[in-house]
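The sequence and the structure come before the description.

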Amino acid sequence: MNIKVLSLLAISGLLPIWSATPANAFANSACSPDGLYSLADVDSGITVCQDSSIAIALGAGSQQLEVPQSGAVMSFLYASPVDTTISHVSVFTDDQQKVGLLIDDVAFGATLEVGSTGPITTLSSFPGCSTSSYNLLPMHWIKTYVWYYNSTNSPSSSALSELQSSISLWTSGVNRCTGQTYSSTFASRYAGATGLSPNFSVTTSNGISTIGCALPDGNNVIGWLNPTGTSSVLAVTCTWPSGSPGILAGESDIFVNKNYSFYFGSSTAGCTGSLYDFREIVTHEFGHVVGLAHSSQLDRQIMKPNFSTCETSERLLAPGDISGLQVRY
Ligand SMILES: [Zn+2]
């Protein structure tokens, strides 16, 4: 377990949830006090300041998340310990420092940009072909996304090539539904192996896991988490702004939890049993890197929030994914 970053759980245990005095140095009337908040609090409009310590309790309280500061966005995929469903959560702040949270495709607090080019007419038997709707996160890239890979704890030597195949889909590929090629101006480049770790904080205490984005180090790193305790988090993406908070991304890291079982084959027919398709999962995470949020589960895009095992037929981008991509790039 990574214990290098402070546990907000410990902080929230020492502070009253509704502290009367904001503890952060940038405190003003627009800053909500440090502490632990509920989804209803987020919906009512909490705001964070530069060094706020604000956590949000998810669901039954077994999972908490730290709100990232300075305009960063955190998206993570987790398995509910209550009912074993897989869900995705994105948390961010808007340009007014208001906290926004997207759990699957249900929004709380600050709103995301929503777009759609309407239903497409070329349908196929593949899922995700009846819509081209999408949602956008606040940030995107105007420079090449140069990334490194840390193979420590990797369960497969194929992981790197799968990552390379996945990220390439956000630059060009074949539309899953129409069979037509597409392209974008999103540019990425694999820069080699690294011993650096992705910048996350994950702590587990008394059965409650707290996850957050740590401070960025300027390097885009993708790697594996090997938690010693129970963690319901499968994969996380954090994106930090370039310089001051704004719409330009400066760093984006991903980690995947090695304690879950993945399929690493390039063949869509080879996945059997209760394995998550690594290609599909990381293509989704790279979708967060490029600046897409979740679309509706019913639309079955790669940016849908929930995943089943061996969904290899849904690896490629669908019309909504491509529409959102091409709005940004
Ligand atoms: Zn997601």
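Two strands are said to pair if DSSP finds at least two bridges between them. The model discussed here is predicted.

**Overall make-up**

The protein chain holds five helices and 20 strands. It has 329 residues, of which 49% count as buried. Among contacts between residues at least 6 apart in sequence, 64% join residues at least 24 apart.

**Strand pairing**

Strands of a sheet pair through backbone hydrogen bonds, in either a parallel or an antiparallel sense. Both senses occur in the two pairs below.

| Pair | Strand residues | Sense | Bridges |
|---|---|---|---|
| β3 and β15 | residues 63–66 and residues 208–213 | parallel | three bridges |
| β6 and β7 | residues 99–103 and residues 106–109 | antiparallel | four bridges |

The pair β3 and β15 belongs to an open sheet of five strands, with the order β1-β2-β3-β15-β14 and mixed pairing. At its edges lie β1 (35–37) and β14 (200–205), each of which pairs on one side only. On average, neighbouring strands of this sheet are turned by 25° against each other, direction ignored.

Isoleucine 103 stands opposite valine 106 in β7.

**Histidine 88**

Histidine 88 is placed in strand β5 (residues 86–93). Is histidine 88 buried or exposed? A residue counts as buried if 20 or more other C-beta atoms lie within 10 Å of its own. Histidine 88 has 26 C-beta neighbours inside 10 Å, and therefore counts as buried.

Which residues is histidine 88 in contact with, leaving aside its neighbours within four places in sequence? They are Ser75, Leu77, Asp104, His294 and Pro305. Another, proline 305, is 217 residues from histidine 88 in sequence, while the C-alpha atoms of the two are 5.1 Å apart in space.

**Helix α5**

Helix α5 covers residues 319–328, and eight of its 10 residues are buried, so the helix is largely enclosed by the rest of the structure. The buried residues of α5 are Pro319, Gly320, Asp321, Ile322, Ser323, Gly324, Leu325 and Arg328.

Terms used:
Residues are numbered from 1 along each chain as its sequence is written. This is a predicted model: local features need pLDDT of at least 70, side-chain atom pairs count only at pLDDT 80 or more; totals for chains, interfaces and linings use all residues. Helices (H or I, at least four residues) and strands (E, at least two) are DSSP runs, numbered from the N terminus. Axes are lines fitted to C-alpha atoms, for helices over the stretch in contact, and angles run from 0 to 180 degrees between N-to-C directions. A residue is buried if 20 or more other C-beta atoms lie within 10 Å of its own, exposed if 12 or fewer, and partly exposed in between; C-beta atoms are placed from the backbone. Two residues are in contact if their C-beta atoms, placed from the backbone, lie within 7 Å.
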